[in-house]
Amino acid sequence: MDIRLQGFIQEILGKKRFELVEFLCQNCDENGFIFIKISELENILQQSKPTIIATFKFLEEKKLFKKLKNGFYQIKIGEKL
């Protein structure tokens, strides 16, 4: 990703949200599915549970993210929108 674009998106979302979204996009499968617990995200990204949950809610409101069950999510990227 272009460094200017990355900086621009970080300014819009905030650094923590950007890091979480970037992690989800990089670690989901080709259909946007990712299996990871919030506690794992806390450890990997060094973010608090409330920050992660707030970001999940933000993405759900934008219809870009869906919780399928605990620890199993789908992020809608690319043509999957």
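Phenylalanine 35 is exposed, with a relative accessible area of 60%. This value comes from a predicted model. The structure holds five aromatic pairs. Phenylalanine 33 and phenylalanine 72 form a stacked pair, because their ring planes lie at 10 degrees and planes under 30 degrees apart count as stacked. The centres of these two rings are 5.5 Å apart. The pair links distant parts of the chain. Phenylalanine 33 sits in strand β1 (residues 33-35), and phenylalanine 72 sits in strand β3 (residues 72-75), 39 residues apart. Phenylalanine 33 is partly exposed, at 27% relative accessible area. Phenylalanine 72 is also partly exposed, at 27%.

Phenylalanine 35 belongs to strand β1 and lies 37 residues from phenylalanine 72 in strand β3.

Helix α3 (residues 38-45) packs against α4 at an angle of about 110 degrees, with the axes 9 Å apart. This angle makes α3 roughly perpendicular to α4. The crossing is right-handed. From α3, Ile38, Leu41 and Glu42 make the contact. From α4, Lys49, Ile52, Ile53 and Phe56 take part. Five of the contact residues are nonpolar, two are charged and none is polar.

Threonine 55 also lies in helix α4 (residues 49-61). Threonine 55 counts as buried because its relative accessibility is 1%, and buried means under 20%. Beyond its neighbours up to four places away in sequence, threonine 55 touches Arg17, Leu20 and Val21.

Terms used. Residues numbered from 1 in each chain as written. Predicted model: local features only at pLDDT ≥ 70, side-chain atom pairs only at ≥ 80, totals over all residues. Heavy atoms only, no water. Helix = DSSP H or I, 4+ residues; strand = E, 2+ residues; numbered from the N terminus. Buried < 20%, exposed > 50% of the residue type's maximum accessible area, 1.4 Å probe, protein only. Contact = heavy atoms within 4.5 Å. Axes fitted to C-alpha atoms, helices over the stretch in contact; angles between N-to-C directions. Parallel < 35°, antiparallel > 145°, perpendicular 65-115°, else oblique. Left-handed = near helix turned anticlockwise from the far one by under 90°. Nonpolar A, V, L, I, M, F, W, Y, C, P; charged D, E, K, R; others polar. Phe/Tyr/Trp six-rings, centres within 6.5 Å; stacked < 30°, edge-to-face > 60°.
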